[in-house]
Amino acid sequence: MLMLGIEYNDTFTLGRGVVITKQSIVVGSSTSNLGDADGVLGLGPVNLSLGTLPNEPTMTIPTVTQNLWRQDIISQEIVSISFEPISSAWIVYGELTFGGVDSSKYTGYMAFV
C-alpha cells in the first residue's frame with residue numbers, strides 16, 4: 001500500500017472523551033491498494049514510519065498508542081485487538097483496547113506479539 005499526503009499535528013478524539021494532543025495525522029492526496037477503506041490507523045512499531053517524511057528522513061512519527069502512553073492517558077504502551085466471529089460476511093464485530101487487555105474477551109492464555 002502506498003499513501004501520499006500532507007502530515008499535520010492536531011488534537012485527536014478517540015471515543016468516550018479520550019483526547020490525544022499533538023497527534024500526527026496524514027491527509028491523503030492519493031492512495032493505492034486501499035480498497036474500500038476510508039483511511040489507515042497506524043498501530044505498528046514506530047520505526048515503521050522511519051523515512052516516510054520526505055523533508056525529515058531520519059524522523060519517526062509517533063503512533064496513537066505511543067502518544068496515549070506518553071501523555072499518561074494509558075498506563076501501558078500496548079493495544080489489544082479482539083475479533084468476534086459471526087455468521088454474516090458483511091458484519092464484523094471487533095474491538096481495540098488501548099493500554100491493556102479486556103479479560104472478558106478471552107479464556108485461556110494470552111499471546112503477546
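A residue is called buried when its relative accessible area is under 20%, exposed when that area is over 50%, and partly exposed in between. Keep these cut-offs in mind for the tour of this predicted model.

**Stop 1: the whole chain.** Trace the chain along its sequence and the elements come in the order β-β-α-β-β.

**Stop 2: the surface.** The accessible surface of the chain amounts to about 8,800 Å². Carbon and sulfur atoms account for 55% of that accessible surface. Of the 113 residues in the chain, 18% are buried.

**Stop 3: contacts.** Now consider contacts between residues at least 6 apart in sequence: 35% of them join residues at least 24 apart.

**Stop 4: the salt bridge.** Side chains of opposite charge can pair when their charged atoms come close. How many salt bridges does the count come to? The count comes to one. To see this salt bridge, select Lys-105 and Glu-95 and show their side chains. The closest N and O atoms of the pair are 3.5 Å apart, which is within the 4 Å that defines a salt bridge. Glu-95 sits in strand β4, while Lys-105 lies in the segment after β4 (93-98). The two residues are 10 apart, and the pair links distant parts of the chain.

**Stop 5: the two partners.** Keep the selection and look at each residue in turn. Is Lys-105 buried, exposed or partly exposed? Lys-105 has a relative accessible area of 41%, so Lys-105 is partly exposed. Glu-95, at 32% relative accessibility, also counts as partly exposed.

Conventions:
Residues are numbered from 1 along each chain as its sequence is written. This is a predicted model: local features need pLDDT of at least 70, side-chain atom pairs count only at pLDDT 80 or more; totals for chains, interfaces and linings use all residues. Side-chain values use heavy atoms; hydrogens and water are left out. Helices (H or I, at least four residues) and strands (E, at least two) are DSSP runs, numbered from the N terminus. Buried means under 20% relative accessible area, exposed over 50%, partly exposed in between (1.4 Å probe, protein chains only). Contact means heavy atoms within 4.5 Å. Accessible areas come from the Shrake-Rupley method with a 1.4 Å probe; for residues, only the protein chains shown count as cover.
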